[in-house]
Amino acid sequence: MITGHVFMAISLDGFVARADGGVDWLSKYMTEGEDNGFGAFMDSVDGLVMGRASYENVLTFGGWHYTKPTIVMSQTLTDANLPEFLAGRVRFSSKPPNDLMQELEAEGWKRVYVDGGKIVQSFLAEGLIEDMTLTRVPILLGRGKPLFGPLEQDLELEHIETQSLHSGLVTSKYRVC
């Protein structure tokens, strides 16, 4: 059975990006040699599903840093918008989360990295997230794009582990109950 997994950095006040989508505040805390378990996490997934905003933000970093297949959920982007250097590595989908996960499962995917605030919210709402690894960055942004939004009902989480890193980051893993 296919499962969704989250691995995200958030500010102490719960934002994944500034109001304008910027993530410049993260660079100060990304130290060489300390990947916070991200490498092992990426090795454990078959591919990524991300939102349009995350995709466009990653493109500003120069190049493409993911080696796994990537699906960008968008109602507006099509293959005509795909840069040539991403052909065969990235594709777009306008399907809702449940339908997309069924399609990926039919393709043989088992573990999906779900990335992007709104995308994570939509996958949580449909019960498609198995666990979340959240790295809290010691900064308060005051406003921005939240990782979590309104829920129809409480969503219980089971704490799995927490570790503190030399850079000041604190990573916690939770299982969605």
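In this predicted model, Phe7, Phe38, Phe41 and Tyr113 are joined into a cluster by ring pairs. Counted by the distance between ring centres, with a limit of 6.5 Å, the aromatic pairs come to eight. One of them is formed by Phe7 and Phe41, whose centres are 4.9 Å apart and whose planes make an angle of 35°, a tilted arrangement.

Another aromatic pair is made by Tyr55 and Phe92. Here the geometry is edge-to-face, with 5.6 Å from centre to centre and 90° between the planes. Tyr55 sits in helix H2 (residues 52-59) and Phe92 in strand E5 (residues 90-93), so that the pair, 37 residues apart, also links distant parts of the chain. Tyr55 counts as buried because its relative accessibility is 3%, and Phe92 counts as buried because its value is 13%; the limit for buried is under 20%.

Leu155 is located in the loop that runs between strand E8 (145-146) and strand E9 (157-164). Is Leu155 buried, partly exposed or exposed? Its relative accessibility is 31%, and therefore Leu155 counts as partly exposed.

How values were computed:
Residues numbered from 1 in each chain as written. Predicted model: local features only at pLDDT ≥ 70, side-chain atom pairs only at ≥ 80, totals over all residues. Heavy atoms only, no water. Helix = DSSP H or I, 4+ residues; strand = E, 2+ residues; numbered from the N terminus. Buried < 20%, exposed > 50% of the residue type's maximum accessible area, 1.4 Å probe, protein only. Phe/Tyr/Trp six-rings, centres within 6.5 Å; stacked < 30°, edge-to-face > 60°.
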